[in-house]
Amino acid sequence: MTSKWKYSPLTSQEQKLENELDKRYAACPPVSHLLVQRGISSVEEAERFFHPSLKDLHDPFLMPGMDKAVSRLNRAMGAKERIMVYGDYDVDGTTAVALVYKYLLNFYSNIEYYIPTRYDEGYGVSLRSIDYAAEQGVKLVIILDCGIKAIEEINYARSKGIDFIICDHHMPDDELPDAAAILNPKLEGSTYPCPHLSGCGVGYKFMQAFAISNGIPGAELECMLDLVAVSIAADIVPMVDENRIMAYHGLRRLNSNPNLGLRAIIRICGLSGREITISDVIFKIGPRINASGRMQSGKEAVDLLVARDVAEALEKGKAIDQYNQDRKELDKRITEEANAIIDARGSEESEKKSIVIYNKDWHRGIIGIVASRLTELYHKPAVVLTLTNGLATGSSRSVQGFDIYKAIDATRDILENFGGHTYAVGLSLKEDKIDQFTRRFEEYVAANIQPSQLKPTLDIDAVITFAQITGEFVATLRRFNPFGPGNQKPVFCSKGVMDFGTSKLVGRNLEHIKLELVDDTSGKVFNGIAFNMAEHFEYIHARRPFDICYTIEDNKHQGAGGGIQLLIKEIHTAD
């Protein structure tokens with residue numbers, strides 16, 4: 001599906017800011033433009049952006065409930081109460097549990113961790129886990145990346161003499177659980193400066209506050225920022241404010257002296273000796289950690305992340321890597337089955353503004369991935385459901401700009417449970433309610449989604465010429481890392497480029513184009529790669545001008561010194 005290329009010029013006020021920044025970055029004019037787009041209005045702000053400092057992290061006590069949380073934790077440790085660290089089975093939850101458990105273990109030994117099983121206990125706080133905690137004499141549960149809606153479960157825990165400190169980042173309801181303390185930057189009335197922390201990020205802020213309250217130096221906790229970076233990347237939270245600071249320093253840790261469990265995954269991924277980026281976390285490290293909770297037990301991921309022995313970590317990493325291989329096969333098969341169902345529904349389905357699809361036999365751990373695939377392919381909000389423990393359980397994903405949480409919330413009266421974010425929500429309902437849910441979800445989406453949101457768009461940061469792609473410009477672009485929502489990798493457009501005469505088809509089925517391009521502003525030839533765009537080759541080979549939309553990559557495999565490569569996102573020809 002061809003995207004609409006969208007470029008929003010700067011306002012007159014933004015142009016004034018750009019002119020001021022140009023005084024500092026005159027050698028690379030597009031840099032000032034990119035900085036202004038990211039809300040940076042002075043050279044001082046730009047330097048802080050290019051040099052993220054841990055000193056600029058916010059005071060954790062600005063988060064509502066932090067005083068209560070730290071006080072309850074200190075009291076538990078002083079009374080030698082047994083503590084359980086509890087978390088969700090995905091990447092964010094398991095990294096959060098690993099971080100809090102490992103950090104507190106430095107000071108306190110009467111502590112354990114618990115990850116619910118996706119298939120027997122489901123998402124969030126399970127009654128089974130509370131019964132287990134009571135049997136073990138647990139008096140305090142620190143729950144991470146879930147719990148904000150566990151009203152009945154936490155009441156049950158209180159009846160057994162167990163307190164909860166909730167560290168969550170999902171959207172809360174009006175009624176909150178009766179916990180000893182709740183840490184959630186999205187709570188109504190919260191003025192915490194960074195509302196979009198990951199679940200692991202909330203756990204980090206809690207441990208930061210604990211350290212401050214007890215006069216503990218921050219170095220030991222800062223060594224665990226690699227876990228926070230993995231959670232930020234995998235949970236796709238905005239890469240702004242202190243998220244970006246923690247991700248920046250976490251990536252440095254990943255590249256220098258990572259957690260033993262992460263080191264094992266890095267080795268298994270074939271990333272040893274390479275600079276690890278956010279993309280590597282999203283596409284290689286994160287999916288392997290996630291596969292443990294999807295295919296077997298998220299506890300195995302925590303076991304890996306808290307491992308203290310290199311051989312043990314590598315053994316556990318290999319087991320998790322096998323789960324990921326199994327996950328890939330299931331993902332491929334279920335996605336093909338889902339597409340076949342949609343195709344069989346015909347034209348009536350194509351007119352709808354949303355997708356709801358159900359198969360009672362699909363693997364519950366894969367349906368979130370399948371929902372993402374369907375959203376990408378059809379560019380519609382998608383809900384994928386399967387049958388688990390007598391309930392239709394599902395995952396949903398959304399297109400850019402459409403709040404699927406509100407869409408699911410509009411059907412809450414027929415749901416058993418739901419929770420999540422703007423773009424991803426988990427839900428469960430009775431099987432006989434699926435048709436009603438499908439109808440009402442479609443009605444809400446059709447009434448509220450904008451036509452433009454149903455069409456793919458490519459946001460272009462700047463229109464540039466090849467003459468502007470200098471070594472200094474590319475070096476400065478590297479300083480925009482780490483990339484993510486709110487600080488996406490810059491996308492450029494160059495117009496009227498031409499084949500140098502040496503571009504060629506590559507790939508097993510000659511489906512890709514290896515490009516060598518020139519324009520009329522520079523005598524330099526730029527290498528590019530256009531994946532799955534072979535249909536444009538004849539036009540390009542005829543040496544006719546065309547427009548490209550692309551990102552600028554460092555091709556480290558091109559000779560000893562590497563080189564610049566244009567990763568083509570789309571091609572527009574005169575045809």
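## Cavity, pocket and sheet in a predicted model

The count comes to one cavity of 30 Å³ or more, where a cavity is a set of points on a 1 Å grid over the protein atoms alone at which a 1.4 Å probe fits but cannot get out. This is a predicted model, in which local features need pLDDT of at least 70, side-chain atom pairs count only at pLDDT 80 or more, and totals for chains, interfaces and linings use all residues. Residues are numbered from 1 along each chain as its sequence is written, and side-chain values use heavy atoms, with hydrogens and water left out.

The largest cavity has a volume of about 30 Å³, a volume being the space filled by probe spheres set on grid points that are joined across faces, edges and corners. Its lining consists of Met 84, Tyr 86, Ser 129, Ile 130, Ala 133, Val 141 and Phe 164; lining residues have an atom within 4 Å of a point. At least two lining residues each come from β2 (82-87) and α6 (127-135). Helices (H or I, at least four residues) and strands (E, at least two) are DSSP runs, numbered from the N terminus.

The second largest pocket has a volume of about 410 Å³; a pocket is an open set with protein on both sides within 12 Å along at least five of seven lines. Of the 18 residues that line this pocket, Arg 48, Phe 49, Val 240, Asp 241 and Arg 244 lie nearest its centre. The elements that give two or more residues to this lining are α3 (43-50) and α11 (241-256).

An open sheet of five strands runs in the order β3-β2-β4-β5-β6, with parallel pairing; two strands pair if DSSP finds at least two bridges between them. β3 (111-114) and β6 (181-183) are at the edges with a single partner strand each, so one side of each has no neighbour in the sheet. Neighbouring strands are turned by 20° against each other on average, direction ignored; axes are lines fitted to C-alpha atoms, for helices over the stretch in contact, and angles run from 0 to 180 degrees between N-to-C directions. Within the sheet, β4 (residues 138-144) and β5 (residues 163-167) pair in the parallel sense over five bridges. Ile 142 stands opposite Ile 165 in β5.
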